[in-house]
Amino acid sequence: MSNEEKKFLSVNGLKKSFGSGETRQEVLKGLDFTVGKGEFCVLLGPSGSGKSTLLNILGGIDSADEGEISINGDKLAEMDEKSLTRYRRKHLGYVFQMYNLIPNLNVKENIETGAYLSDKPLDIDELLKILGLYEHRHKLPNQLSGGQQQRVSIGRAIVKNPDILLCDEPTGALDYKTSKEILQLIEDVNQKYGNTIIMVTHNEAIKQMADHIIKLRDGNIRHDNINKDKLTAAEIEW
Ligand SMILES: Nc1ncnc2c1ncn2[C@@H]1O[C@H](COP(=O)(O)OP(=O)(O)OP(=O)(O)O)[C@@H](O)[C@H]1O
């Protein structure tokens, strides 16, 4: 990896507070880190440590009070609203704990809603096969299990082949076996398409399959480690 690729995502002095006066709470207290291109980065930390806030700022959904984020050399703060919207659409994919699928569109159509935003979408039939959804492609979301619905939401996020896939507790609502299948899918996607993945989780076991582990505590970075003994999704247990 070249030096630029190692700093594909670069965060410097990032601060964020909510509220004002006596109720003001400093949630991110000055974060500095970089994430390499194609890295699978896991973001851990206790409840309230600022993980989702950080993910929302990285995704351009919320803005920082201070500090700088650059992705592939482009500074987010220098973008006007229009270029930020274009940026989000072209370069970022989101997967949430809740799947947020459109109830009256079938599996294939839900995934297609993600493809319209891209000028280089992945082939949908091939993607449906990778997702294990090809034979379910005509079903509506309420005819699917939770794991299958999460597969659709991952499909919708990656069909535009985003540079960065942001995942907020993607297995939070799933049982053990289904969680492992979803982690395996995210691992496959990362290897096949080379997207940089940033995943927020409470599950300490998931860090074993990451290239990079960042731990927050009280709005600061507590640990920032590269994992040299990476396991596969199939190997981890909790
Ligand atoms: N929009 C908001 N307005 C006010 N306070 C907020 C807002 N969003 C988050 N917070 C506060 O910021 C702190 C960090 O929240 P955040 O959701 O980032 O934590 P987290 O690490 O993701 O927690 P969890 O693991 O429980 O999801 C919390 O104390 C929360 O109450």
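## The ligand and its surroundings

A residue is near a molecule if its C-beta atom, placed from the backbone, lies within 6 Å of it. In this predicted model, the shell around the ligand consists of Phe18, Gly19, Val27, Gly45, Ser47, Gly48, Ser49, Gly50, Lys51, Ser52 and Thr53. Helix α2, which spans residues 51-58, gives the most to this shell, with three residues.

By class, two residues of the shell are nonpolar, eight are polar and one is charged.

## The chain as a whole

The protein chain contains seven helices and ten strands. Its radius of gyration is 18 Å, close to the 18 Å that the globule rule gives for 238 residues, so the chain is as compact as a globular protein of that length. Taken along the principal axes, the box filled by the C-alpha atoms is roughly 50 × 45 × 40 Å.

Of the 238 residues, 37% count as buried. Among contacts between residues at least 6 apart in sequence, 72% join residues at least 24 apart.

Strands of a sheet pair through backbone hydrogen bonds, either parallel or antiparallel. Here, four strands form an open sheet in the order β2-β1-β4-β5, and the pairing is antiparallel. Strands β2 (25-35) and β5 (74-75) stand at the edges; each has a single partner strand, so one side of each is left without a neighbour in the sheet.

The pairing of β4 (residues 66-71) with β5 is antiparallel and runs over two bridges. Within this part of the sheet, isoleucine 71 stands opposite aspartate 74 in β5. Helix α2, already named for its part in the ligand shell, lies across β1 (9-18), β2 and β4, and runs at about 60 degrees to β2.

## Two asparagines with positive phi

Most residues other than glycine have a negative phi. Asparagine 100 has a phi near 50 degrees, a positive value in a residue other than glycine. Its place is in the loop between β6 (92-95) and α4 (107-115). Asparagine 161 likewise has a positive phi, of about 50 degrees, although it is not a glycine. This residue lies in the loop between α6 (146-158) and β7 (164-168).

The two residues can also be described by their burial. A residue counts as buried if 20 or more other C-beta atoms lie within 10 Å of its own, exposed if 12 or fewer, and partly exposed in between. Asparagine 100 has 13 such atoms within 10 Å and is therefore partly exposed, whereas asparagine 161 has 20 and is therefore buried.

Technical notes: Residues are numbered from 1 along each chain as its sequence is written. This is a predicted model: local features need pLDDT of at least 70, side-chain atom pairs count only at pLDDT 80 or more; totals for chains, interfaces and linings use all residues. Ala, Val, Leu, Ile, Met, Phe, Trp, Tyr, Cys and Pro count as nonpolar, Asp, Glu, Lys and Arg as charged, and the others, Gly among them, as polar. Two strands pair if DSSP finds at least two bridges between them. Two residues are in contact if their C-beta atoms, placed from the backbone, lie within 7 Å. Axes are lines fitted to C-alpha atoms, for helices over the stretch in contact, and angles run from 0 to 180 degrees between N-to-C directions. The radius of gyration is taken over C-alpha atoms; the globule rule is 2.2 Å times the number of residues to the power 0.38.
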